[in-house]
Amino acid sequence: MTDKLLEIKGLKQHFFTSKGTIKAVDGLTFDIFRGETLGLVGESGCGKSTTGRTIIRLYDATSGEVLFNGENVHGRKSRSELKKFNRKMQMIFQDPYASLNPRMTVADIIAEGIDIHGLAKTRKERMTKVHELLETVGLNKEHANRYPHEFSGGQRQRIGIARALAVEPDFIIADEPISALDVSIQAQVVNLMKKLQRERGLTYLFIAHDLSMVKYISDRIGVMYRGKIVELAPSDELYRNPVHPYTKALLSAIPLPDPDSEKTRQRKIYDPSIHDYNGEEPELREVSPGHYVSCSQAEFATYTT
Amino acid sequence: MSRLLEVKNLAVSFKTYGGEVQAVRGVNFHLNKGETLAIVGESGSGKSVTSQTIMRLIPMPPGRIKSGEMLFDGIDLAKKTDKEMEAIRGKDIGMIFQDPMTSLNPTMKVGAQIGEVVIKHSKVSKAEAKKRAVELLTLVGIPFPEQRVNQYPHEFSGGMRQRVVIAMALASNPKLLIADEPTTALDVTIQAQILELMKDIQKKTDTSIIFITHDLGVVANVADRVAVMYAGQIVEMGTVDEVFYDPKHPYTWGLLASMPSLDNEAEEELAAIPGTPPDLTNPPKGDAFAARNPYAMKIDFEQEPPMFKISDTHYAKTWLLHPDAPKVEPPASVQRRMRKVDNVYRTPVLVAKDGE
């Protein structure tokens, strides 16, 4: 996997408010490889959702670059250039109740992208596509003429996935796609996303705070803290050998469905003041192949020995 | 161990335009002094309705207690008038809700909100109530309590707000604390802090806790005993070890199998429970879980299963435990967690109709 689909370089997203500047995303640099799932985890307010939204240009980046297939997503763009990106990148949102227009039928919701990009020549072709998509996500044809309120949370999330797939994207950003769903339904949606990835070679950026699900679905995971990535590693490696103290604290806080391990659990607490940077700006450094940790020179020396 | 709460054959329904929704359909359980009972289940399984009925917070109408008793210290809460409940609610039974922002009054100082509870249930002056508020904030681990009592909820973070809500619930030393998804809206690190706090307080005050959640990790962390609810009924109940290491009901298997485990290296597909929960305006005949149950037998679609007793403390409501039922193997990921649990009967015993 060396084929980079997405390169994010020094991405910053600052919000200017009356109370000062909020540095939601503060200098991110990472790549997403074609066909992989990159998980992004962190606590609320760490900037993980803002990252996703900035990559897809729902926000204009304060500075930095997002290269998709080598082309910058941000910067001045003509309508047709924007359309091209919009077709290749899609998003699945957290709340399946708020992200579907209640006044549109399921067919119109799913076909909106098809209409905008002119992917269907006739009405018949449009409906065939909608029906195919519904079946792909495990719903059926009869659902096309219904409205969102007639569906359960899990079914709505399937509609959201069908809408994202309609324009045949290469890359999907899933922002907490399962957080609003029940446990038994979460597994259904995750299995569906994995199946679609296998069949269509999709690339995912999977943003979530449920670490066990992220580990299950992701090839690599980035841990965010205060607008920065503090650790980035292959999923198994991150869980087996977490290096950054924040990652350790986060991992130690996940309750596991196993009473014995819960009884003996030792929770670690992260104290940002343990870092003695001495004015030195911490950087992402590679401590073992593919495993990056944000640290100073001195910390790097202790991490690699 | 003495029983603080005993719920017998509780049934609660709601009248709606679409018909009568049978949210809780015959629930039996008890709670001992000083223990934590976790109620798990997905949305719509009746876990919140059960706890709100104990608190008598269900608006009636449209709600109605169709049958059953809720004996709290031997007194039936179902028969209390609203006026009588006011003396119990907040005093003997405290409640913690999911969203700390909507359960606090944004226009009142935190100290005044806690003091309100203190004044309502014991005859003290405002100054004393405030002193007590400071004590309670100290108890729930809020730094600088003397300054914090004079602040408004918006000046607190989510985790700190939930601590305030817990302080309020504890204000009158309740015997029973009902916590309805108290950590669902919080981040994992904050969740861990709140869970530790609740266990710590329980140790100090010997309060009994009913903990409602859908997160099995949280259950494993806090619970002494677990009740699994599905479609308005308890389908399995036992000690935390029994339910996690020797589960008997196929729905419990499904819940456990649909969670990925962190140390699971194998790239196996998650065993999702297919379909969606049934519509309770018209509960299915037979076993409510049958339509989603890969182990369903013919009888599951015809006749509701009885409760079977697997040990003194472990119950499950499934025909699979009947002597005539075929032997089935739980999903692989559940088998891996299975282990021998003490005091299991040689064969499951059919429980008389009334459950416990």
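Me: What should helix α5 of chain A span, and how far apart are its end C-alpha atoms?
Reply: This is a predicted model. Helix α5(A) covers residues 153-165, which is 13 residues. At 1.5 Å a residue it should span 18 Å, and its end C-alpha atoms are 19 Å apart, which agrees. The expected span is 1.5 Å times one less than the number of residues. Helices (H or I, at least four residues) and strands (E, at least two) are DSSP runs, numbered from the N terminus.

Me: Now Ala180(A). Where is it found?
Reply: In the loop between β7 and α6 of chain A. Ala180(A) counts as partly exposed, because it has 19 C-beta neighbours inside 10 Å.

Me: What is it in contact with?
Reply: Leaving aside neighbours within four places in sequence, Ala180(A) touches Gln94(A), Asp95(A), Pro96(A) and Gly153(A). Leu133(A) is 47 residues away along the chain, and the two C-alpha atoms are separated by 23 Å.

Me: Switching to strands. How many residues of β8(A) are buried?
Reply: 5 of the 5, residues 203-207, so the strand is largely enclosed by the rest of the structure. Both faces are covered. Thr203(A), Leu205(A) and Ile207(A) are buried on one side, Tyr204(A) and Phe206(A) on the other. In a regular strand the side chains alternate between the two faces of the sheet.

Me: Which strands pair with β8(A)?
Reply: β3(A) (residues 37-41) pairs with it in the parallel sense over 4 bridges. There, Leu38(A) has Leu205(A) as its bridge partner. β7(A) also pairs with β8(A) in the parallel sense, over 5 bridges. Ala174(A) stands opposite Phe206(A). Two strands pair if DSSP finds at least two bridges between them.

Me: How do β1(A) and β2(A) pair, parallel or antiparallel?
Reply: Antiparallel, over 11 bridges, with β1(A) at residues 4-17 and β2(A) at 20-33. A hairpin joins them through 2 residues. β1(A) also runs antiparallel to β4(A) (residues 63-68), joined by 5 bridges. Glu7(A) takes part in both pairings: its partner in β2(A) is Asp31(A), and in β4(A) it stands opposite Leu67(A).

Me: Chain B next. What's the strand order in its sheet?
Reply: 9 strands form an open sheet, β6-β7-β8-β3-β9-β10-β12-β11-β13, with mixed pairing. The edge strands are β6 (93-96) and β13 (344-350) of chain B, each pairing on one side only. β7(B) (176-180) and β8(B) (208-213) pair in the parallel sense over 5 bridges. Ile178(B) has Ile210(B) as its bridge partner.

Me: How many residues does each chain give to the contact?
Reply: 30 from chain B and 30 from chain A. On the chain B side, the elements that give two or more residues are α7 (188-205), α8 (216-222), α9 (240-245) and α10 (250-257). α8(B) gives the most, with 5 residues.

Me: What scores does the model get?
Reply: ipTM 0.78 and pTM 0.85. Chain B averages a pLDDT of 87, and 96% of the residues score at least 70. pLDDT is the predictor's confidence in each residue, from 0 to 100.

Methods. Residues are numbered from 1 along each chain as its sequence is written. Chains are lettered from A and ligands numbered from 1 in the order in which they are written. This is a predicted model: local features need pLDDT of at least 70, side-chain atom pairs count only at pLDDT 80 or more; totals for chains, interfaces and linings use all residues. Two residues are in contact if their C-beta atoms, placed from the backbone, lie within 7 Å. A residue is buried if 20 or more other C-beta atoms lie within 10 Å of its own, exposed if 12 or fewer, and partly exposed in between; C-beta atoms are placed from the backbone.
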